[in-house]
Amino acid sequence: FLAGLFGGMDGSIITLLIFMGIDYASGLICAVVFHRSSKSKSGRAESKASFKGLIRKGMVLLLVMIGARLDLIIGASYIRDGICIAFIVNEMISITENAALMGVPMPDILLNAIETVKDKNKH
């Protein structure tokens, strides 16, 4: 039933769910182990920040569900996939940021690309 609401459990939704899990786990590791979370002033884990993260991820899944329903209405299959791809990219950026906060060496070109995307999202 749930898979049907999301348009089926294909590669795009499974990839999104995997990336969401990795992002959430890497964010927790960043806060609990490294005390370098960008979500709290102290850099440590805060239940409020963690809860907000889960709520945001829930909202992403609701947007995927909306896309699946729109696809169903118009007889297409690209709206949900487009939403999934957009959020997969967003999760990848967040995972990369978490890795950098943990001290994983990142190529400058990757860090510059992430900063460019983040700057464009602010405007």
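Author: The structure discussed here is a predicted model, in which local features need pLDDT of at least 70, side-chain atom pairs count only at pLDDT 80 or more, and totals for chains, interfaces and linings use all residues. Residues are numbered from 1 along each chain as its sequence is written, and side-chain values use heavy atoms, with hydrogens and water left out.

Reader: What makes a stretch of the protein chain count as a helix or a strand?

Author: Helices (H or I, at least four residues) and strands (E, at least two) are DSSP runs, numbered from the N terminus. By this rule the protein chain has five helices and zero strands.

Reader: Why is α3 called roughly antiparallel to α4?

Author: Axes are lines fitted to C-alpha atoms, for helices over the stretch in contact, and angles run from 0 to 180 degrees between N-to-C directions. Angles under 35 degrees count as roughly parallel, over 145 as roughly antiparallel, 65 to 115 as roughly perpendicular and the rest as oblique. Helix α3 (residues 47-74) and helix α4 (residues 79-101) pack at about 160 degrees, with their axes 7 Å apart. The pair is therefore roughly antiparallel.

Reader: Which residues make the contact between α3 and α4?

Author: Contact means heavy atoms within 4.5 Å. Among the residues that make it are Val 60, Leu 63 and Val 64 of α3, together with Ile 83, Cys 84 and Phe 87 of α4.

Reader: Why is Cys 84 called buried?

Author: Buried means under 20% relative accessible area, exposed over 50%, and partly exposed in between (1.4 Å probe, protein chains only). Cys 84 has a relative accessible area of 0%, so it is buried. Cys 30, at 1%, counts as buried too. In α3, the buried residues include Gly 53, Met 65 and Asp 71; the buried residues of this helix pack against α1 (2-5), α2 (11-32) and α4. Buried residues make up 27% of the 123 residues in the protein chain.

Reader: How many disulfides does the rule for cysteine sulfur atoms give?

Author: A disulfide is a pair of cysteine sulfur atoms within 2.5 Å. By this rule the count is zero.
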